[in-house]
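Work through the exercises below with the predicted model open beside you. Try each task before you read its solution.

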Amino acid sequence: MKKFILGLMAIGILTVTFTSPVYAITPPTTEAVVPAPKEDLLEAEALMARLGEIRAMDLAGLAKAEKKQLRNEVKAIKQDLRKASQGVYLSIGAILIIILLLILVL
C-alpha cells in the first residue's frame, strides 16, 4: 500500500513538472497595449456605486421578474469587477497541492 501511494505521488509530480506548455497562436502586434488605469478606476467606482444602489433598494415591493433582473445585474457587475482586478485566484485544491508538494520537498 505504501509503495502504491508513493508511486501515485511520483506520477503526479512527474505529470506536473514534465508537461509541455501549449501556446495559443496569435498574430504579433506592433502596438503596445496599455490600459488606461484612470478609466478602469472610474468604471469600477461606477459599478460599485450601482451595487450600493441595488443593496439600498427595498426589494419587498418588487415583482419576481424585477428581482431576477436585479440578481442578474449584480452577478454581471461582480464578474466585471473580478475581470478588472486581474488578480490570481487559487482554489482550495490548488493550495492543498502546493502545501503537500512543499512538505514533500522540504
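**Exercise 1. Overall layout**

Find how many helices and strands the chain has, and what share of its residues is buried.

Solution. 
- Step 1: Count the elements. The chain has four helices and zero strands.
- Step 2: Read along the sequence. The pattern is α-α-α-α.
- Step 3: Check burial. The cut-off for buried is under 20% relative accessible area. Of the 106 residues, 7% count as buried.

**Exercise 2. The salt bridges of R50**

Which residues form salt bridges with R50, and at what N to O distances?

Solution. 
- Step 1: Search the whole structure. Two salt bridges turn up.
- Step 2: Take the pair R50 and E53. Their closest N and O atoms are 3.2 Å apart.
- Step 3: R50 and E53 both sit in helix α2 (residues 37-56); they are three residues apart, so about one helical turn separates them.
- Step 4: Take the pair R50 and E73. Their side chains meet at 2.7 Å, N to O. This pair links distant parts of the chain: R50 belongs to helix α2 and E73 to helix α3 (residues 64-85), 23 residues apart.
- Step 5: R50, E53 and E73 are linked in a network of salt bridges.

**Exercise 3. Accessibility in the network**

Classify R50, E53 and E73 as buried, partly exposed or exposed.

Solution. 
- Step 1: Recall the cut-offs. Buried is under 20%, exposed is over 50%, and partly exposed lies in between.
- Step 2: Take R50. Its relative accessible area is 26%, so R50 is partly exposed.
- Step 3: Take E53. At 45%, E53 is partly exposed.
- Step 4: Take E73. At 26%, E73 also counts as partly exposed.

**Exercise 4. The largest pocket**

Which residues line the largest pocket, and which helices supply them?

Solution. 
- Step 1: Start with the volume. The largest pocket holds about 150 Å³ of space.
- Step 2: List the lining. It consists of M9, G12, I13, V16, I97, L100, L101 and L104.
- Step 3: Assign the elements. α1 (2-17) and α4 (92-105) each supply at least two lining residues.
- Step 4: Seven lining residues are nonpolar, one is polar and none is charged. Gly counts as polar.

**Exercise 5. The nonpolar patch**

Find the residues of the nonpolar surface patch, and the element that gives the most to this patch.

Solution. 
- Step 1: Name the members. They are M1, F4, I5, L6, L8, M9, I11, I13, I97, L101 and L104, with about 1,100 Å² of accessible area together.
- Step 2: Trace their elements. α1 and α4 each give two or more residues to the patch.
- Step 3: Find the main contributor. α1 gives the most, with seven residues.
- Step 4: Treat M1 separately. M1 lies in the segment before α1. Its relative accessibility is 76%, so M1 counts as exposed.
- Step 5: Compare with the pocket. M9, I13, I97, L101 and L104 belong to the patch and also line the largest pocket.

Key: Residues are numbered from 1 along each chain as its sequence is written. This is a predicted model: local features need pLDDT of at least 70, side-chain atom pairs count only at pLDDT 80 or more; totals for chains, interfaces and linings use all residues. Side-chain values use heavy atoms; hydrogens and water are left out. On a 1 Å grid over the protein atoms alone, a cavity is a set of points where a 1.4 Å probe fits but cannot get out, and a pocket is an open set with protein on both sides within 12 Å along at least five of seven lines; lining residues have an atom within 4 Å of a point. Grid points are joined across faces, edges and corners, and a volume is the space filled by probe spheres set on the points. Patches are made of residues with over 30% relative accessible area and no salt bridge: like charges are joined within 9 Å, nonpolar side chains (Val, Leu, Ile, Met, Phe, Trp, Tyr) within 5 Å. Accessible areas come from the Shrake-Rupley method with a 1.4 Å probe; for residues, only the protein chains shown count as cover. A salt bridge is a side-chain nitrogen of Lys or Arg within 4 Å of a carboxyl oxygen of Asp or Glu. Buried means under 20% relative accessible area, exposed over 50%, partly exposed in between (1.4 Å probe, protein chains only).
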